[in-house]
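Subject: Structure for your files

Hello,

The structure is below, followed by notes on what was found in it. Please keep the two together.

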Amino acid sequence: MGLKKQYIHFKNWVAVTAKKAYLEIKRDILLIVFGFVSTIAKAQATGAIHTAAEDIQKYQKPVQELMYAIAAVIGIVGAFSVYFKMQNGDQDVKKTIMMTIGGCIAMVAMATALPAFFK
């Protein structure tokens, strides 16, 4: 190989090596910036989730009382429904009783289990 060809080969090698080094540095900088941004985002998201959890816990007791009230309304409406069905001689009185009791038990169970979701 002549001296001129060696020089051109070396020049190309330097250009390729410099470009690779530039791309590696660029990649490293992007990784550092991404890590920094993700750390900040995680800190903000953690704070936001904590604030949201505290706000939701404030509503726990009123929602629980509302669910108990809904269970009471289901029981009262169900009792009237059963009474009217018995007076008319309908055949599905047992089914209505079971549906009413099931609805009341389900609402009371959900209201009782509600605090477990916020701890």
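F80, Y83 and F84 make up one aromatic cluster. Two aromatic pairs occur in the structure; rings of Phe, Tyr and Trp (its six-membered ring) pair if their centres lie within 6.5 Å, and planes under 30 degrees apart count as stacked, over 60 as edge-to-face and the rest as tilted. The F80 and F84 rings have centres 6.5 Å apart and planes at 25°, so this pair is stacked.

The model is predicted: local features need pLDDT of at least 70 and side-chain atom pairs pLDDT 80 or more, while totals for chains, interfaces and linings use all residues. Residues are numbered from 1 along each chain as its sequence is written, and side-chain values use heavy atoms, without hydrogens and water.

F80 and F84 are about one helical turn apart, because they lie four residues apart in helix 2 (residues 60-88). Helices are DSSP runs (H or I, at least four residues), numbered from the N terminus. The 29 residues of helix 2 should span 42 Å at 1.5 Å a residue, and its end C-alpha atoms are 42 Å apart, which agrees; the expected span is 1.5 Å times one less than the number of residues. Buried residues of helix 2 are Q60, Q64, M67, A71, G78, V82 and K85, where buried means under 20% relative accessible area, exposed over 50% and partly exposed in between (1.4 Å probe, protein chains only). Just after helix 2, G89 has a positive phi of about 80°.

F36 is in helix 1 (residues 3-58), and its 57% relative accessibility makes F36 count as exposed.

Regards

How values were computed: Helices (H or I, at least four residues) and strands (E, at least two) are DSSP runs, numbered from the N terminus.
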